[in-house]
Protein chains: 2
Amino acid sequence: MKAANEILVVGSVALDSVRTPFGEATEALGGSASYFAISASRFAKVGMVAVVGEDFPPEHRALFESNGIDLSGLETAAGRTFRWRGEYNVELGHAHTLETQLNVFSTFHPKLDDRHRAAPYLFLANIDPDLQLEVLSQMRRPRLVLSDTMNYWIARKPDRVLEVLRRVDVALLNEEEARALAGETHLVRAAESLLAAGAHAVIIKKGEHGALYHSHEERILTPAYPVVALTDPTGAGDSFAGGFMGLLARLDRADGEALRQAMACGTAMASMAIEAFSPARLVETEGAEIESRVRSLHALVHYDLFPMF
Amino acid sequence: MKAANEILVVGSVALDSVRTPFGEATEALGGSASYFAISASRFAKVGMVAVVGEDFPPEHRALFESNGIDLSGLETAAGRTFRWRGEYNVELGHAHTLETQLNVFSTFHPKLDDRHRAAPYLFLANIDPDLQLEVLSQMRRPRLVLSDTMNYWIARKPDRVLEVLRRVDVALLNEEEARALAGETHLVRAAESLLAAGAHAVIIKKGEHGALYHSHEERILTPAYPVVALTDPTGAGDSFAGGFMGLLARLDRADGEALRQAMACGTAMASMAIEAFSPARLVETEGAEIESRVRSLHALVHYDLFPMF
């Protein structure tokens, strides 16, 4: 018997105010769970465990619902919704945080009901690793768990972050996080060192330079899709996670062939997410366009091997 | 009737003193023509037009000759050989030049004999664009011409650099050069703008992030091979050029399939070049190892497309 929710995400829902060289957005829908859920909802049924304040706009809730996202785990707590304000410079490499108001998120404690616990696919977005472990211990028998983290937790609770890495199937980290956690500058060596520390598989996200999947069985290098209409890089990593896990959940497979196309799906979803502020662009897309972007990426990188000597 | 030299390179031969976090080399063989010629000699017969001083060590000349490189165009001028001294920081992104002594290179004027002029494949390494045009006008009917340049010439002679781009088949530029010449930050837009300005095809080199081939017919994205034994990035671009043009000359083809594998060959040769100081590592390699590295890169990036929706 299949669980009602194919994919469960535990993470943040936020109101983001972002300025980039291409425009700005004020109190737009943001947060790791929002980007992930909308991205993954293109592939499978998604349920969300997160918290918002009493001021959370009903139209955002309606947007989640219209994308088939189960909000039974979206708690409304007394107070204001988590807010983030940031800007990107011309290089767009990194966000400069101007203000973080945790608000209701500061006391967030994920509450999972029976249906959530039965989800076969789980994404632990970037929250306190102690909470990630708490969620993990409540899950029944997930088929595949993907985790994310951030430098903040690596600096404060490196042992707990490593414990999460050991207990999940695939751990997402960006370049700086991988270097910091592994204590190793070279990315391939950093990935190997994280496997030696007990991780089963890591995906190192390199932003505009693509992503690297590294496990004992598979090594996959996926360049980023060369986006021309870049607008706002916020949420690229979570949208990648949504496309990656979305395809695996849709196929209910995680063999090499599925993982390789999942890396391309993640890349395609991230490339669309950054073409607009908030997950607006992800809401518009659907199967045919995603398929077409995965095909375009394939056409860019593919070559047929033939003997040369 | 085939010309005696399959590939002709016109560029610099230098003595490099380089310091990286992994070691240092003093007065080692360097220069664009040296890296290119040794890299390309793995694939085809190469002739070199360049200049050295009376102090050029005979063992370097012997090294070229033992790799089958025709030195009839390597002039020995009165004075000292071109010297470059530089260092790389931990990030290894860019060389910091400590000293450049042009010496005999400052009055270098390429002299082509009849055999050079008949070469079907020509690489115009980074020299004054006026000299590149002078060489071009002396060539009989080359089948494929590849050019390189540098910011120094883009800043001083942008019109002449653009004139070279229009007259060659493929122009190599690194990210900064493409941005500076196109006046456009976004790399895909920069490539499009260079095509609009009359270039037939450009390859934008992104260092450790790979390379992008862009023409009206083909777009190819090749990530860099993830090198673990990084020692000295000097010469990566010219070694790439040697692998790229080497394979095309070997196949005597420049269709899409050949171009795609040529990008992989360039990537493979660049990845080997940076595993040692000077072109020492390139001298050691041969067909089977190059083939194996091209296959490894393929295994990293390849995915089979299957329907998802």
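Guide: Let us start with a definition: axes are lines fitted to C-alpha atoms, for helices over the stretch in contact, and angles run from 0 to 180 degrees between N-to-C directions. Please keep in mind that this is a predicted model. In chain B, the axes of helix H4 (residues 129-138) and helix H6 (residues 158-167) come within 9 Å and cross at roughly 30°.

Visitor: Why are H4(B) and H6(B) called roughly parallel to each other?
Guide: Angles under 35 degrees count as roughly parallel. H4(B) and H6(B) cross at roughly 30°, and therefore they are roughly parallel to each other. The crossing of H4(B) past H6(B) is left-handed.

Visitor: Which residues make the contact between H4(B) and H6(B)?
Guide: From H4(B) come B:Pro129, B:Asp130, B:Gln132, B:Leu133, B:Leu136 and B:Ser137, and they meet B:Arg160, B:Val161, B:Glu163, B:Val164 and B:Arg167 in H6(B). By class, this contact has 5 nonpolar, 2 polar and 4 charged residues.

Visitor: What is the angle between H7(B) and H8(B), and what makes H7(B) oblique to H8(B)?
Guide: Helix H7 (residues 175-182) and helix H8 (residues 187-196) of chain B pack at about 55°, with axes 9 Å apart. Roughly parallel needs an angle under 35 degrees, roughly perpendicular 65 to 115, and roughly antiparallel over 145; the rest count as oblique. That makes H7(B) oblique to H8(B). Here too the crossing is described: H7(B) passes H8(B) in the left-handed sense. The contact residues of H7(B) with H8(B) are 6 nonpolar, 1 polar and 2 charged.

Visitor: How do you know that chains A and B have the relation of a two-fold axis?
Guide: A rotation of 180°, with 0.0 Å of shift along its axis, superposes chain A on chain B at an RMSD of 0.0 Å. That is the relation of a two-fold axis. The same surface serves both copies, with 100% of the contact residues of chain A recurring in chain B.

Visitor: What makes S5 and S13 of chain A stand at the edges of the sheet?
Guide: The open sheet of chain A has 9 strands in the order S5-S4-S1-S8-S9-S10-S11-S12-S13, with mixed pairing. Strand S5 (70-77) and strand S13 (219-222) each have a single partner strand, so one side of each is left without a neighbour in the sheet. From one strand to the next, the twist averages 15°.

Visitor: How do you know that S10 and S11 of chain A pair?
Guide: Pairing takes at least two bridges. Strand S10 (residues 170-174) and strand S11 (residues 201-205) of chain A have 4 bridges, in the parallel sense.

Conventions
Residues are numbered from 1 along each chain as its sequence is written. Chains are lettered from A and ligands numbered from 1 in the order in which they are written. This is a predicted model: local features need pLDDT of at least 70, side-chain atom pairs count only at pLDDT 80 or more; totals for chains, interfaces and linings use all residues. Side-chain values use heavy atoms; hydrogens and water are left out. Helices (H or I, at least four residues) and strands (E, at least two) are DSSP runs, numbered from the N terminus. A crossing is left-handed if the near helix is turned anticlockwise from the far one by less than a right angle, and right-handed if clockwise. Ala, Val, Leu, Ile, Met, Phe, Trp, Tyr, Cys and Pro count as nonpolar, Asp, Glu, Lys and Arg as charged, and the others, Gly among them, as polar. Copies are superposed by least squares on the C-alpha atoms of residues with pLDDT of at least 70 in both. Contact means heavy atoms within 4.5 Å.
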